Structure formats: C-alpha cells, structure tokens
Amino acid sequence: MSEQLTLSAEARDRAGKGASRALRREGRVPAVIYGNNEEPQSIHVEEKLLNKLLGTGHFFNSVVMVEVGGKQVRTLPKDVAFHPVTDRPLHADFLRVSEHATVSVNVPVRFENEDASPGLKKGGVLNIVRHEIELVVDAAEIPDDVVVDLKGFEVGESIHISSVTLPKGAKTAIEDRDFTIATIVAPSALKSAEGDNETPAEGE
C-alpha cells in the first residue's frame with residue numbers, strides 16, 4: 001500500500017495573480033483544497049517540502065495529510081502546474097477525501113520476471129504502452145504499483161490487462177476493453193538480418 005504523506009500548509013487570505021507572485025518570491029506555492037461537498041480552501045505550502053514529496057515518485061497515488069491551522073485534511077493530489085522554463089511548481093490542487101472513499105488514481109506499472117520471458121531472452125524488446133494504469137480503489141488501500149509478470153511471453157505477443165492480477169479491492173477505470181499494457185517486439189538488428197536474407201542476390 002502506498003505510504004501516507006504529510007504536508008504543512010498555511011491558509012491563504014488573498015487571491016489573485018499579484019498575491020500568488022508574492023508568495024512564490026517567498027518560496028511558497030499557492031494551492032487549493034476542494035471537494036467532498038465543502039467550500040474550496042485556499043492555502044500555500046513551502047516549495048521545498050512540495051518538491052520533496054514530488055521527488056518520492058508516488059506523490060500522485062498517495063494520500064497526503066495537509067496540516068492547516070492545527071487541523072489535518074485528508075487529500076489526494078490531483079494536479080501540480082509547473083513553470084515551463086524553470087520547472088518550479090506554480091500551483092497545486094488537492095482533493096478532499098474521506099478515509100475509505102472510492103477514488104480514481106494513476107498507479108505506476110512495474111514489470112517483473114524479465115528473465116523468465118522467452119521473447120526477451122531471445123533479444124526481444126519490451127515496448128511499454130502504458131506506464132501507468134488508472135485504478136478505482138479505496139483511498140486507504142492505494143497500491144504502490146501494479147505488477148505485470150512477463151513470465152512465458154514470446155516475441156510478437158502483447159500483455160493485456162486481463163492477464164494482470166490487480167491489487168485486492170482494485171479495478172481498472174477502463175472496463176469496456178481489454179487494453180494493452182506492453183508488447184514484446186523483435187529487435188531491429190534481427191529484423192534487418194531477416195530483411196537481408198530475403199533480398200535476392202544480384203543476377204538472380
């Protein structure tokens with residue numbers, strides 16, 4: 001299960017571009033907490049702390065307890081806007097969630113047993129179609145990742161969601177088709193060698 005993260009915040013009294021710019025000059029990032037049938041709450045957080053959580057690699061599929069005015073608010077990060085040049089965070093959105101609310105989150109895919117894939121052992125290449133899968137899960141049971149077992153897959157075969165064992169209690173947001181997660185393709189060196197063999201010799 002994905003670990004719970006904590007982020008200290010302060011209430012933001014003033015809105016508008018000028019106020020937001022002033023906050024950023026002080027090393028703060030304006031943000032908003034919304035949802036759960038409550039009024040949106042404007043806050044600001046320390047840029048360094050936000051960057052630290054972003055650097056965990058599982059920020060967007062973790063519950064973040066935002067501490068505001070001595071109270072903790074259970075949230076799920078929904079969006080962070082970045083500066084197009086400096087890549088600094090400019091604004092963050094957090095969705096309020098109750099402890100066992102059903103939520104949609106993008107969970108990273110992790111591949112295992114590459115050594116047990118005949119296709120990869122022959123020199124095939126794993127072509128990843130989806131690096132993340134959107135899951136519908138209990139907010140208290142968000143998984144760290146979705147594990148895809150490559151055992152037995154040959155060159156030319158595709159790994160579909162139907163062949164993946166999802167974490168307990170989770171289901172995919174896409175239920176109307178058996179979508180592809182990855183394929184095992186022939187290496188370009190092998191393709192070119194086959195092509196050479198098929199080329200007729202001069203004078204034939």
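Which residue in β9 is the bridge partner of Ser104? Select Ser104 and look across to β9: the partner is Val136. Bear in mind from here on that this is a predicted model.

**Stop 1: the sheet around β7 and β9**

Select residues 102-112 for β7 and residues 132-138 for β9; these two strands run antiparallel and are joined by 7 bridges. The strands form an open sheet of 4, in the order β10-β7-β9-β12, and the pairing is mixed. At the edges are β10 (146-149) and β12 (171-172), each of which pairs on one side only.

**Stop 2: the largest nonpolar core**

Stay in this region and show side chains. The largest nonpolar core has 28 residues, and those that touch the most other members are Val103, Ile133, Val148, Ile159 and Ile181. Two or more residues each come from β7, β9, β10 and β13 (180-185). Which element gives the largest share of this core? It is β7, with 5 residues. As background, nonpolar side chains tend to be buried together in soluble globular proteins.

**Stop 3**

Move to residues 28-35, which are β2, and 38-46, which are β3. The two strands pair in the antiparallel sense over 7 bridges. Select Gly35 and you will find Glu38 of β3 opposite.

Next, select the turn. The hairpin has 2 residues between its strands, and Asn36 there takes a positive phi near 60 degrees. Asn37 is also in the loop between β2 and β3, and has a positive phi of about 60 degrees although it is not a glycine. Is Asn37 buried or exposed? Its relative accessibility is 82%, so it counts as exposed, the cut-off being over 50%. Asn36 has a relative accessible area of 40% and is partly exposed.

Strand β2 itself has other surroundings to look at. Of its 8 residues, 7 are buried, so the strand is largely enclosed by the rest of the structure. Besides its pairing with β3, β2 pairs with β6 in the parallel sense, over 4 bridges. To see that pairing, select Val32, which stands opposite Asp93 in β6.

**Stop 4: helix α2**

Select residues 47-54, helix α2, and colour Glu47, Leu50 and Leu53, which are buried. Why do these residues lie on the same side of α2? They cover an arc of only 125 degrees around the axis, and that puts them together on one side. Turn to the other side of α2 to find Lys48 and Lys52, both exposed.

Return to the buried side and show what lies against it. The buried residues of α2 pack against β1 (5-11), β2 (28-35), β3 (38-46) and β6 (89-96).

**Stop 5: β4 and its two partners**

Select residues 64-68. This is β4, a mostly covered strand in which 4 of the 5 residues are buried. How many bridges link β4 to β1? There are 5, and the pairing is parallel. Leu5 stands opposite Val64 in β4.

Then extend the selection to β5, residues 71-82, which runs antiparallel to β4 and is joined to it by 5 bridges. Val66 stands opposite Val73 in β5. The strands β4 and β5 form a hairpin with 2 residues between them, and Gly69 in the turn has a positive phi of about 55 degrees.

**Stop 6: the whole chain, coloured by confidence**

Zoom out and colour by pLDDT. The protein chain averages 89, and 89% of the residues score at least 70. Where is confidence lowest? Select helix α4 (residues 188-198), where the mean is 54, then strand β11 (residues 158-160), where confidence is highest, at 97.

Buried residues make up 37% of the 204 residues. Among contacts with a separation of 6 or more, 66% are between residues 24 or more positions apart.

Note on methods:
Residues are numbered from 1 along each chain as its sequence is written. This is a predicted model: local features need pLDDT of at least 70, side-chain atom pairs count only at pLDDT 80 or more; totals for chains, interfaces and linings use all residues. Side-chain values use heavy atoms; hydrogens and water are left out. Two strands pair if DSSP finds at least two bridges between them. Buried means under 20% relative accessible area, exposed over 50%, partly exposed in between (1.4 Å probe, protein chains only). Contact means heavy atoms within 4.5 Å. pLDDT is the predictor's confidence in each residue, from 0 to 100. The arc is that of the directions from the helix axis to the C-beta atoms. A nonpolar core is a set of buried Ala, Val, Leu, Ile, Met, Phe, Trp, Tyr and Cys residues joined through side-chain atoms within 4.5 Å.
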